[in-house]
Amino acid sequence: MPTITLTAVKAYLYDVFVPKIANRPKNPIKLIGGLNYQQRITFAAAFMAWMVDAVDFFTVSLSATEVAAEFGVEVSDITSAITATLMLRPVGALIFGVLADRYGRRIPLMIDLALFTVIEIATGFSNNLSTFIGLRAVFGICMGGEWGLGNALAMETLPHDSRGIFSGILQEGYAAGYLVAALIYYAAVPHLGWRALYWISIIPALIAMILVYFVPETDVWRQNRAYATVNRKRLYQLTLEMLKKHWLRCIYAILLMAGFNFMSHGSQDLYPTFLKVQHGFSASQATVATVVMNIGAIIGGLLVGYLSEYYGRRTMIIWSSVLGLCFLPLWMLPTSYTPLVIGAFFMQFCVQGAWGVIPVHLAELSPPGFRSTFPGLAYQLGNLISASASQIEAVVGEKHKLPNGKPDYGRVQMILLGVVFGFVIILTMIGNEERGKDFMKSDDQELNNTENMEDMSSKPTIDGPDSMEKGIDSKSPVEDESKRVAGSSSAELKAD
């Protein structure tokens, strides 16, 4: 075990908090405009798919009052559909992640988006609470499956030096989805009713499906699929090998995503209620504040994601969390509207700034052959762990009243976010970083090194060091096979 000295700790902390710039920052406009046709359409498809996730998810929270009134139930009964959605998201991440790692990202993503469309149309025809909740539960499976697929598709296609900024853009498709959902709500629901919200929301899904149709499969997936084909590895064998080698990384990713999801849900879900109940602001004022904080989220995700390419993934996550701690008083303590809105803007700038690093960070940490399942399942399991964030804040806030008798939501949110920021900082500090990882090269190297080690361990000892050297130096057939697989269709791969 290595000796831990004060000097080593200081050097490590300095490296994390004040790293050297990896290379000279490039013009972000040139990075965005420098993509080729394949990269542009692939990223557009991934962004649209994630935005569709958000649009469809927020339709329930936006229309809860109208749906409850028509069904003759309480709003809390309608919002239970949100809980059902969150609980089934890990199921979708597992199902669609396995399909994407086995059969490619493109076809499972199209199936996922097609299911989105069917469920949204059916939701608009719901006639009772049970049907409504059941459809939203199935929607949770689809929602859980999309992020891992879209993220793998984008990150495996983008140039290495552009991943940071596009990671931020991709993640803030969620904030953009909220804005689109809110726009549809205020344009359609007052005139056409709540059902129109669900029917109109299929338009982004249809656009995303069309884009995905023209997206080619990634070369990284083709290479990893070729490895499994050449070595006749079944899915369970690859999974057991991955867990044996990367089990600690899997646990780490789930804990990190639990912290991140507590950070986002804890700062977003109860905030409109905090404004309306604790401070007495109107619903329209709360809506304006929500829009402003989502604008802050988009700006933060873009900027921090971009800077992570040069200052490091961990460093930008940590500094975003530190700044979030600094903005906690401005976020909750003011009593007038304008300072609270300013605080909400900067809080979401920090929270979603850190989130802007996550798509590329998880993709780079993913074991080879699991770049769809690993990030997606870690994300959704972390989301499941944090699903109670707003409920914790609401229950504790209602038990601790202000002198005027109103719930003290603000203090509870400050305490929870302070703890969560600290948790994320510590976990990020002790974690690994693989910025700039070459997916093709690193996946091929790790897979072939694993195979070579297995070959060597199975050789008789009489063969001696010459055969071991031959085993290490021998060329793997994966490279040649990947060329064959690159020319095959997804159907052919499935038949194999």
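Predicted model: local features only at pLDDT ≥ 70, side-chain atom pairs only at ≥ 80, totals over all residues.
Sorted by class, the residues in the contact of H4 with H6 comprise 16 nonpolar, seven polar and three charged.

Helix H6 also packs against helix H7, which covers residues 163-171. Here the axes come within 11 Å and cross at roughly 155 degrees. Angles over 145 degrees count as roughly antiparallel, and H6 and H7 are therefore described in that way. The crossing of H6 and H7 is right-handed. On the H6 side, the contact is made by Trp147, Asn151, Ala154 and Met155, while H7 supplies Arg163, Phe166, Ser167, Leu170 and Gln171. The class composition of this contact is five nonpolar, three polar and one charged.

A further pair is formed by helix H14 (residues 283-311) and helix H15 (residues 313-326), whose axes come within 7 Å and cross at roughly 135 degrees. H14 passes H15 in a right-handed crossing. The residues of H14 in this contact are Val304, Leu307, Ser308, Glu309 and Tyr311, and they meet Arg313, Thr315, Met316 and Ser320 of H15. By class, four nonpolar, three polar and two charged residues take part in the contact of H14 with H15.

These pairs belong to a chain that has 25 helices and zero strands. The chain contains 496 residues, of which 53% are buried. When contacts between residues at least 6 apart in sequence are considered, 85% join residues at least 24 apart.

The largest nonpolar core holds 101 residues, and the members that touch the most others are Phe132, Met257, Phe260, Met263 and Tyr271. Helix H3, residues 37-71, gives the most to this core, contributing 17 residues. Apart from this core lies another, of 17 residues, which includes Leu31, Met155, Leu158 and Ile169. Met155 is also one of the H6 residues in the contact with H7. In the largest core, phenylalanine 260 touches Ile317, Ala354, Trp355, Ile358 and Val424, when residues up to four places away in sequence are not counted.

Beyond its neighbours within four places in sequence, alanine 64 is in contact with Val75, Ile78 and Thr79. The C-alpha atoms of alanine 64 and isoleucine 78 are separated by 5.9 Å, although the two residues are 14 apart along the chain. Glutamine 39, likewise located in H3, is buried because its relative accessible area is 12%, below the 20% cut-off. With neighbours within four places left aside, the contacts of glutamine 39 are Gly34, Thr157 and Pro159.

Glutamine 413 is found in helix H21, which runs over residues 409-430. Its relative accessibility is 0%, and glutamine 413 therefore counts as buried. Apart from neighbours within four places in sequence, this residue is in contact with Gly266, Leu270, Tyr271, Phe274, Trp331, Met332 and Glu393. Among these, Tyr271 is one of the residues that touch the most other members of the largest nonpolar core.

Threonine 273 is placed in helix H13, residues 271-278. This residue counts as partly exposed because its relative accessibility is 27%, which lies between the limits of 20% and 50%. Not counting residues up to four places away in sequence, threonine 273 touches Gln278 and Tyr409. Threonine 273 and tyrosine 409 are 136 residues apart along the chain, and their C-alpha atoms are separated by 8.6 Å.

Definitions and conventions: Residues numbered from 1 in each chain as written. Heavy atoms only, no water. Core = buried A, V, L, I, M, F, W, Y, C linked by side-chain atoms within 4.5 Å. Buried < 20%, exposed > 50% of the residue type's maximum accessible area, 1.4 Å probe, protein only. Helix = DSSP H or I, 4+ residues; strand = E, 2+ residues; numbered from the N terminus. Contact = heavy atoms within 4.5 Å. Nonpolar A, V, L, I, M, F, W, Y, C, P; charged D, E, K, R; others polar. Axes fitted to C-alpha atoms, helices over the stretch in contact; angles between N-to-C directions. Left-handed = near helix turned anticlockwise from the far one by under 90°. Parallel < 35°, antiparallel > 145°, perpendicular 65-115°, else oblique.
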